Amino acid sequence: MNNILGLLRLRIKRGINLAVRDTKTSDPYVVVTMGSQKLKTKVIKKNCNPQWNEELTLSITNFEENIHLEVYDKDTLTVDDKMGDADIDIKPYVECIKMGLDVLPKGCAVKKVQPSRTNCLSSESCCVWENGKIVQDMILKLKNVECGEIVLQIEWIHLPGSKGLAGV
C-alpha cells in the first residue's frame, strides 16, 4: 500500500474491425499489463467488432509507466493468435487530475490529446469532466497488425491512505 498512488479504472468498451485470425472471424480478448500486473477481458466468440463493456482496475505506482494492451484470438487446440497491441500513455491524463479541479460543468473538456508518433491514438482524445471526475475516452489504433482499434475510457480512483497525486 505504501507505493500505491491510486487506482486507474479502464473501461474496455469495444473493438472495431479487428483482424481475422480464424477462418472468417476471431474470438478476441484483451490482456492489459502494467509492471507486474496483468488483467484480461472475457473472450467474445466469433466477432471482429466485439462489445466487451468490461472494467479492469490497475494499482498505479508510477505515472511514467505505460499501460500495454494486447489483443488475442482465443484458440482451443493451438496457442492463441496475436491480433495487435497498443500502449496508453497516462501522463496527459494525470496532468489533468493534478489540476485539482472540482466544480466544472458536465462535459467540459479539460485537455485535448492529439494523435502522435509517441501514442497509439487514432483520433483526438479529450479529458472531460463527468459526474465529479475527469475521464478520458480514447480510440487506440492497434500496432503490429493489419487493422483494428480498441475503444476505452480511463478514470482515476483516489485510494484513501495512499500517497495519491501528492506522492509525485
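Predicted model: local features only at pLDDT ≥ 70, side-chain atom pairs only at ≥ 80, totals over all residues.
Biologist: How many helices and strands are in the protein chain?

Modeller: Helices (H or I, at least four residues) and strands (E, at least two) are DSSP runs, numbered from the N terminus. The protein chain holds one helix and 10 strands. Read from the N terminus, the order is β-β-β-β-β-β-α-β-β-β-β. With a radius of gyration of 17 Å, close to the 15 Å that the globule rule gives for 168 residues, the protein chain is as compact as a globular protein of that length. That radius is taken over C-alpha atoms, and the rule is 2.2 Å times the number of residues to the power 0.38. The C-alpha trace spans about 50 × 35 × 30 Å along its principal axes.

Biologist: Which share of the residues counts as buried?

Modeller: Buried means under 20% relative accessible area, exposed over 50%, and partly exposed in between (1.4 Å probe, protein chains only). By this scale, 46% of the 168 residues are buried. The surface can be described too: accessible areas come from the Shrake-Rupley method with a 1.4 Å probe, and for residues only the protein chains shown count as cover. The protein chain exposes about 8800 Å², of which carbon and sulfur atoms supply 49%.

Biologist: Which residues have the most contacts inside the largest nonpolar core?

Modeller: A nonpolar core is a set of buried Ala, Val, Leu, Ile, Met, Phe, Trp, Tyr and Cys residues joined through side-chain atoms within 4.5 Å. The largest one has 40 residues, and Ile 12, Ile 67, Leu 69, Ile 90 and Ile 150 have the most contacts inside it. Contact in general means heavy atoms within 4.5 Å. Leaving aside neighbours within four places in sequence, the contacts of Ile 12 include Val 30, Trp 52, Leu 69 and Ile 150. Among contacts in the protein chain with a separation of 6 or more, 58% join residues 24 or more positions apart.

Biologist: Where does Thr 33 lie, and which residues is Thr 33 in contact with?

Modeller: Thr 33 belongs to strand β2 (residues 28-34). Beyond its neighbours within four places in sequence, Thr 33 is in contact with Lys 38, Asn 66, Ile 67 and His 68. Thr 33 and Ile 67 are 34 residues apart along the chain, and their C-alpha atoms are separated by 6.0 Å.

Biologist: Which residues of helix α1 are buried, and what covers them?

Modeller: An α-helix has 3.6 residues a turn, so residues three or four places apart point the same way. In helix α1 (residues 91-98), the buried residues include Pro 92, Tyr 93, Val 94, Cys 96 and Ile 97. Their cover includes β1 (6-16), β7 (109-113), β8 (125-130), β9 (133-141) and β10 (149-157). Lys 91, also placed in helix α1, is partly exposed at 28% relative accessibility. Not counting residues up to four places away in sequence, Lys 91 touches Phe 63, Glu 64 and Asn 66.

Biologist: Are Glu 54 and Gln 136 buried or exposed?

Modeller: Glu 54, in strand β4, counts as buried at 17% relative accessibility. Glu 54 touches residues including Arg 11, Lys 40 and Lys 42, not counting those up to four places away in sequence. Gln 136, in strand β9, counts as buried at 3%.

Conventions. Residues numbered from 1 in each chain as written. Heavy atoms only, no water.
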